[in-house]
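This report describes one protein chain, shown below. It begins with a pair of helices, then turns to the chain as a whole and to selected residues.

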Amino acid sequence: MTQLTVIEPAAEAPLSLDTVKAFLRIGHDGEDALIADLLEAARERLEQVAGLALVVQTVRVCRTEWPSGLHGRGARLPMAPVQQLDAVRVVDADGAAVEQTEFFSLNCGRLALRPWTVLPMLAIGAHIEIDLQVGFGAATDVPDDLREALLHLIGDMYRSRTPSGHAGPAELGLPQQVQAILDARKQVRL
């Protein structure tokens, strides 16, 4: 089981309010609160569906077992792009944490066990906490295609006037333009 929690949210939105208002062709301030809410909801939805963090934020991945693939290339992490590994801890059933960061590194955005290292054992009831900094950087570093996808998603939500919940990709019913952008970003795995 994997649980993802935001420890430190992004310091800025991936798009400015003015950029969104220009895209929606809104020339007044009467709906600024709604647009800001839609921007946040669309960002969360896009990040969830794509498994990406747009602007740098710190997240914690909690797992009840070590991910497979830690040796060699490393294990895929649930959110990308990964900028930095902050901590790896084993937390026992009583809540006592033992720092294990020194045994791990990042290998092309994957969590890898350092060479000549033995994977720490997990006692019954223990879990793993992995703290990471993820995201493309500042708002200006977000790739143009993802900015466009976010704008189209906000536009769709604005037209329907309902920020969507956090469902799986099948339930999301993403607009066709947004889905096309995300499909184009999928990596080919050999």
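Helix H1 (residues 17–24) and helix H3 (residues 144–160) have axes that come within 10 Å and cross at roughly 65 degrees. The axes are lines fitted to C-alpha atoms, for helices over the stretch in contact, with angles running from 0 to 180 degrees between N-to-C directions. Two packed helices are described by the angle between their axes and the distance between the axes. The crossing of H1 past H3 is right-handed, a term used if the near helix is turned clockwise from the far one by less than a right angle, and left-handed is used if anticlockwise.

On the H1 side, Thr-19, Val-20, Phe-23 and Leu-24 meet Leu-151, His-152, Ile-154, Gly-155 and Tyr-158 of H3. Six residues of this contact are nonpolar, three are polar and none is charged. In this count Ala, Val, Leu, Ile, Met, Phe, Trp, Tyr, Cys and Pro are nonpolar, Asp, Glu, Lys and Arg are charged, and the others, Gly among them, are polar. Contact here means heavy atoms within 4.5 Å.

The model is predicted, and local features need pLDDT of at least 70, side-chain atom pairs count only at pLDDT 80 or more, and totals for chains, interfaces and linings use all residues. Residues are numbered from 1 along each chain as its sequence is written, and side-chain values use heavy atoms, with hydrogens and water left out.

**The chain as a whole**

The chain has five helices and seven strands. Read from the N terminus, the order of elements is β-α-α-β-β-β-β-β-β-α-α-α. Helices (H or I, at least four residues) and strands (E, at least two) are DSSP runs, numbered from the N terminus.

Along the principal axes, the C-alpha atoms fill a box of roughly 60 × 40 × 30 Å. Of the 190 residues in the chain, 42% are buried. Buried means under 20% relative accessible area, exposed over 50%, and partly exposed in between (1.4 Å probe, protein chains only). The chain exposes about 10,600 Å², of which carbon and sulfur atoms supply 52%. These areas come from the Shrake-Rupley method with a 1.4 Å probe, and for residues only the protein chains shown count as cover. Among contacts in the chain with a separation of 6 or more, 76% are between residues 24 or more positions apart.

**Residues in strand E2**

Gln-57 lies in strand E2 (residues 57–63). Is Gln-57 buried or exposed? Gln-57 counts as buried because its relative accessibility is 5%. Neighbours within four places in sequence aside, Gln-57 is in contact with residues including Val-6, Glu-8, Arg-43, Leu-132 and Val-134.

Thr-58 is also in strand E2. With a relative accessible area of 11%, Thr-58 is buried. Residues up to four places away in sequence are not counted here, and Thr-58 touches Thr-5, Val-6, Ile-7, Glu-8, Asp-86, Leu-132 and Gln-133.

**Side-chain polar contacts**

A polar contact is a pair of N or O atoms within 3.5 Å; within protein, one must be able to donate a hydrogen and the other to accept it, and residues adjacent in sequence count only if both atoms are side-chain atoms.

| Side chain | Partner side chain | Distance |
|---|---|---|
| Gln-57 | Glu-47 | 3.4 Å |
| Ser-16 | Thr-19 | 2.7 Å |
| His-127 | Glu-129 | 3.4 Å |

Ser-16 is in the loop between strand E1 (2–8) and H1. Its relative accessibility is 36%, so Ser-16 counts as partly exposed. Ser-16 and Ala-36, 20 residues apart in sequence, are 9.1 Å apart in space, C-alpha to C-alpha.

His-127 belongs to strand E7. At 23% relative accessibility, His-127 is partly exposed. Not counting residues up to four places away in sequence, His-127 touches Arg-63, Thr-64, Arg-89, Val-90 and Val-91.

**Backbone features in loops**

Arg-25 is not a glycine, yet has a positive phi of about 60 degrees. Arg-25 sits in the loop between H1 and helix H2 (32–50) and is exposed, with a relative accessible area of 78%. Trp-116, also not a glycine, has a positive phi of about 65 degrees. The loop between strand E6 (110–113) and strand E7 (127–134) holds Trp-116, which counts as exposed at 88% relative accessibility.

Which form does the peptide bond from Ala-80 to Pro-81 take? The bond is cis, with omega near -15 degrees. Pro-81 lies in the loop between E2 and strand E3 (82–91).
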